[in-house]
Amino acid sequence: MGGEEEEGSTPLLLKLPKASEEQEDHVNRNGTIWTAIAHIITAVIGAGVLSLAWSMAQLGWIAGPIAMVLFAAVTLIQSTLLADCYRTPDPKHGHLRNHHYMDAVRLFLGERSVWICGFLQQLSLYGAGIAYTITAATSMRYTFTLDLVCSYFSEQALYYVFSFATQSASIWCLCRAIQKSDCYHREGKNAACSYGDSFYVLLFGVVQIVFSQIPDFHEMAWLSVFAAIMSFSYSFIGFALGLAKVIGDGTIKGGIGGIPMASTAQKVWRVSQALGDIAFAYPYSVILFEIEDTLKSPPPENQTMKKASMTSIFITTFFYLCCGCFGYAAFGNDTPGNLLTGFGFYEPYWLIDFANACIVVHLVGGYQVYCQPVFSFVERLVAGRFPNSGFVNKLYTIRLPLLPPCSTNVFRLCFRTVYVATTTGLAIFFPYFNQVLGVLGSFGFWPLAVYFPVEMYLVQKKIRAWTKKWVLLQMFSVGCFLVSVFAFIGSVEGVISEKLS
C-alpha cells in the first residue's frame, strides 16, 4: 500500500520537538520481554478469568469459544497498533517517547481528545480497582482451613493490622478469610455457610494502602512476577478441577444455546452481560505504554512489546478456554458466577483453599498494575502545579518488614490512601461480581481498547482516508462499538436488577 502513507497526509499530528529539545528523564529502563509478559499476565488474568465459565454458560458451546477467540484477536490487534505509537515519529527509533496513554492521545489526536480519553481511562482504571477488590474479598471469604489459628488471630487482629501493616494484615487476611470451603467440608453442601463480604473488602483495602506506596511501575517488577505465578496457579487449578469433574461424571454438560431463560428479553440481557465479562477479561491498553516504557533498548521497544503481547495473549487465551469450557462442561446450567468461589466445587477443600489464597495474592499485584497509572498521572499533574511545595515533592524513605524500602511524600501517602479507601467503599456498596465486571468491561472496551488505538495508529502511519487499510480499520472499530454498546446496556440492567432485588 505504498500510496497510503504519504508525508503530510494528515494535519492531526502535532509538531514534534527536535531530539535536542527532548528532556532526558534519566529513567533506568531494564525491562525485558519476560518482565513485560509478567506485567501483562498480572493485569489480564485476574478477576475476569473466574467469570468465564459463567459467560460460556450464557453463550453456549458455539458462541462462547468463538467470542473468547474474537476478543483475544481484538486485543492482539489493538496492542500491536499501540506498540507502534510508543516512539514518535519513527516507531523503532523516534526520539520522542509517549510514557503514558494520554501522552500519546495528546500528541496524535490533540488536546480535545485528551479530556475525553483522560476521563474514560481514569474511570476504567478506577473501576478495575473496584472489581479486583470485590473479587479478592470474595476469595478471602471463601477459604482457609486453620480454624484454631483463625480463632487466635480473630482476637488479636486489630493489633496486628495497625502495628505491623502489611505483614500482619496479610496474616490476618489469610487467617480470617479462608472459611467457607472448610464449612462446606464439615457441614455438607447444603449448609448455610454465609459470611459477609464487607469485613474482607476492608481487609483487602488495608493491604492495598500499604502496597500503594510503591513509587511506580519501574519498581514493581518483583510484585508482577510473583502475582503472575499466582495467576497461573489458580487458573490451572480451576481448569484441573473442571476436567476432573467432567471425567468423574463421565458426561459433558451444557448445550448449543447456553442456559435457557424464561423469556427472550432475559436471554438477551444474559448474553450481553456475558460479552461484557469477556470484554473485561482481555484488554490492557490503558497500561500498555507504562509497560513498554520499562523495556530496555535495543532491540526496539515496539518489537519486544509485540512479542510480549502475542505470547501473553496466547497464554491467557489458552487458560481462558480451558477454565471456561471445562467449567461449563462440568456444571452445565448450574455453572456458578465465580468458578472458584461460587461453590460448584466443594472438594478437595484444601486445594480450593489454596486456589483462593493464590487469587488474593495475585489481585494484590493486579490492583497495583491498574492503579499505578492513575497515581502517576495525578502526582505529575500536582507536582507541575506546585513545584516548590514540600508537601508534594519532599521524599521520605519508608522501610517495612519483608518489603524493599520505598520513597514517598506526604501528598502521595494521603492521595493514594484516599484513592484506595474510595474503591473499597464502592466495592462494599456494589458487591455484584458478574454484573460489575460486565459494566466495566463494556464501558471501556471500545473507546480505550479500539477507537483511540486505531485513530492514533492512522495518524502515526499517515494512512489517508478511504484507502483500503483505513476502511478495514474503521470497519473493525465500528463492529467493536456495536458489541460494546450491546454489552454495556445489558450489564447496566443486570446491576440495577441486582440492586433492586
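This is a predicted model: local features need pLDDT of at least 70, side-chain atom pairs count only at pLDDT 80 or more; totals for chains, interfaces and linings use all residues.
Local features require pLDDT of at least 70 and side-chain atom pairs pLDDT 80 or more, whereas totals for chains, interfaces and linings use all residues. Residues are numbered from 1 along each chain as its sequence is written, and side-chain values use heavy atoms, without hydrogens and water.

A nonpolar surface patch of about 730 Å² accessible area (Shrake-Rupley method, 1.4 Å probe) comprises Val268, Trp269, Val478, Phe481, Leu482, Val485, Phe486, Phe488 and Ile489. Patch residues have over 30% relative accessible area and no salt bridge, with nonpolar side chains joined within 5 Å; a salt bridge is a side-chain nitrogen of Lys or Arg within 4 Å of a carboxyl oxygen of Asp or Glu. Helices α10 (264–281) and α17 (468–500) each supply at least two patch residues (helices are DSSP runs of H or I, at least four residues, numbered from the N terminus). The largest share, 7 residues, comes from α17. Phe486, located in α17, is partly exposed because its relative accessibility is 34% (buried is under 20%, exposed over 50%, partly exposed in between).

The structure holds 18 aromatic pairs (ring centres within 6.5 Å; planes under 30 degrees apart are stacked, over 60 edge-to-face, the rest tilted). Tyr282 and Tyr320 form an edge-to-face pair, since their ring centres lie 5.0 Å apart and their planes at 70°. This pair connects the loop between α10 and α11 (285–292) with helix α12 (residues 301–331), across 38 residues. Both Tyr282 and Tyr320 are buried. The Phe318 and Phe319 rings are likewise edge-to-face, with centres 5.6 Å apart and planes at 75°. Phe318 is partly exposed at 46% relative accessibility, while Phe319 is buried at 11%. Ring pairs also link Tyr126, Phe375, Phe391, Phe411, Phe415 and Tyr419 into a cluster.

Methods: Patches are made of residues with over 30% relative accessible area and no salt bridge: like charges are joined within 9 Å, nonpolar side chains (Val, Leu, Ile, Met, Phe, Trp, Tyr) within 5 Å. Buried means under 20% relative accessible area, exposed over 50%, partly exposed in between (1.4 Å probe, protein chains only). Rings of Phe, Tyr and Trp (its six-membered ring) pair if their centres lie within 6.5 Å; planes under 30 degrees apart count as stacked, over 60 as edge-to-face and the rest as tilted.
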